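Which local features of this structure can be described with care, and on what terms? The report below takes up charges over rings, aromatic pairs, a sheet and the confidence of the model.

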Amino acid sequence: MKNYKCVLILNFVGWVMLACPPVLAENSIQISPENIANLGVILGKPEQVKQIPVLSAPAKVVVPPTQEYIVSASQFGVIDKMNVAIGDKVVKGQVLAQLNSPDLLTLQREYLKAVSALQLSSATFQRDKKLLEEGVIADRRWQETRIQHNSFVSEVNEHKQLLEISGMTDSEITHLAKTHRLTRQLNVRAPIVGVVMERLAVAGTRIDMMAPLYRIANLDQLWLEIAIPQERMDSIKIGDRVVVENSNASAKITLLGQSVNPDNQTIVARAVLEPLHENAPLRPGQRLNTRIIQSSDKAVFKIPNTAIAQNEGKAYIFIRKPQGFLVTPITVVGKQDDQSIVSGELTADEEIAVKGAVALKANWLGLGGDE
């Protein structure tokens, strides 16, 4: 900026003090409208916003632990068939694999034995109940009959639950009780609706009890695990919004980790992803970049990065006035691509220099002129 000062000039008569032109304030630039265009200055207005981009950080898409299952063999046997492959969608109860299990025969036989014993006990129970009502038997005998009958009922329930744990359905168990036909085929079923994430065995393999066969997951709900530098952790809050770059996916932070990764000195923040549109799917294991955004209680404004001039560690913008520009300090509170979020004495009605700030800065600092 040019500062015009009073000067003394010596003429033929003597020293004469000239009239002093006005001294421009240090926070203003006097420039004609014609020279604004010559300097390449383009005007625009700041946009008031309510959210501030706080931090960009890498993240990984993960499946919540409650939505992921390892499907395993409930009995020893040989795998006859593996019915689904990686990526297949499955429904609850669908047969994923079939085993040839001799141990299943033993469980079925024990169940049928318990059912037969219960049938005999039921006949005795009904007979003694009638005799008690007629006063033929003592109450003690009736108590012994009832206790023994309850024991047989519990035994049947126990063996039925063992068959259910092995993979047999209620209808299959009922059919077994009616027909007494044993089978070595054990069906391994899906416990949830989901997608096959991993196959852990092959057909023809002899496996032990609890050997893993598949890993399946329900992908209706996913999390983001965001790596936050520990020095920035104080600026992140639960409830902050997270947007995924190059996607319309977004999430909300629900947990801030309490331990620091010693390898990269980051802390994990967990964000729950909102339901995704089909045109923007995210997949478990995917690594991506995210931007954390906070709501602002005070007025903040979005302006182009090109509108900001830096001087002595401070940021300024140039507000259009009738005689030129007013140099106004601002505070940059966030950045988003080629835009900055700033706070300051703004109303969003001002016209500011969105381009040409470098030339205006030179003029302001006296490095250029109003030419």
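In this predicted model, the charged end of Arg320 sits over the ring of Phe325, 5.6 Å from its centre, where sitting over a ring requires NZ of Lys or CZ of Arg within 6 Å of the ring centre and within 35 degrees of the ring normal. The charged end of Arg270 is likewise placed over a ring, that of Trp223, at 4.0 Å from its centre.

Residues are numbered from 1 along each chain as its sequence is written, and side-chain values use heavy atoms, with hydrogens and water left out. Because the model is predicted, local features need pLDDT of at least 70 and side-chain atom pairs count only at pLDDT 80 or more, whereas totals for chains, interfaces and linings use all residues.

The protein chain averages a pLDDT (the predictor's confidence in each residue, from 0 to 100) of 86, and 90% of the residues score at least 70. Over residues 1-25, however, pLDDT stays under 50, and the model has 32 contacts beyond four places in sequence for them, a contact being heavy atoms within 4.5 Å. Where pLDDT is low, the predicted coordinates should not be read in detail.

A search of the whole structure finds three aromatic pairs; rings of Phe, Tyr and Trp (its six-membered ring) pair if their centres lie within 6.5 Å, and planes under 30 degrees apart count as stacked, over 60 as edge-to-face and the rest as tilted. Two of the pairs are set out here.

| Pair | Geometry | Centre to centre | Angle between planes |
|---|---|---|---|
| Phe125 and Trp142 | tilted | 5.1 Å | 40 degrees |
| Phe318 and Trp364 | edge-to-face | 6.4 Å | 80 degrees |

Phe318 is buried at a relative accessible area of 0%, and Trp364 is buried at 11%. Ring pairs also bring in Tyr316, which forms a cluster with Phe318 and Trp364.

Elsewhere, four strands form an open antiparallel sheet in the order β10-β9-β7-β12, two strands being paired if DSSP finds at least two bridges between them. β10 (185-189) and β12 (206-207) each have a single partner strand, so one side of each is left without a neighbour in the sheet. Strand β9 (residues 95-100) pairs with β10 over five bridges in the antiparallel sense, and Gln98 stands opposite Asn187 in β10.

Terms used. Buried < 20%, exposed > 50% of the residue type's maximum accessible area, 1.4 Å probe, protein only. Helix = DSSP H or I, 4+ residues; strand = E, 2+ residues; numbered from the N terminus.
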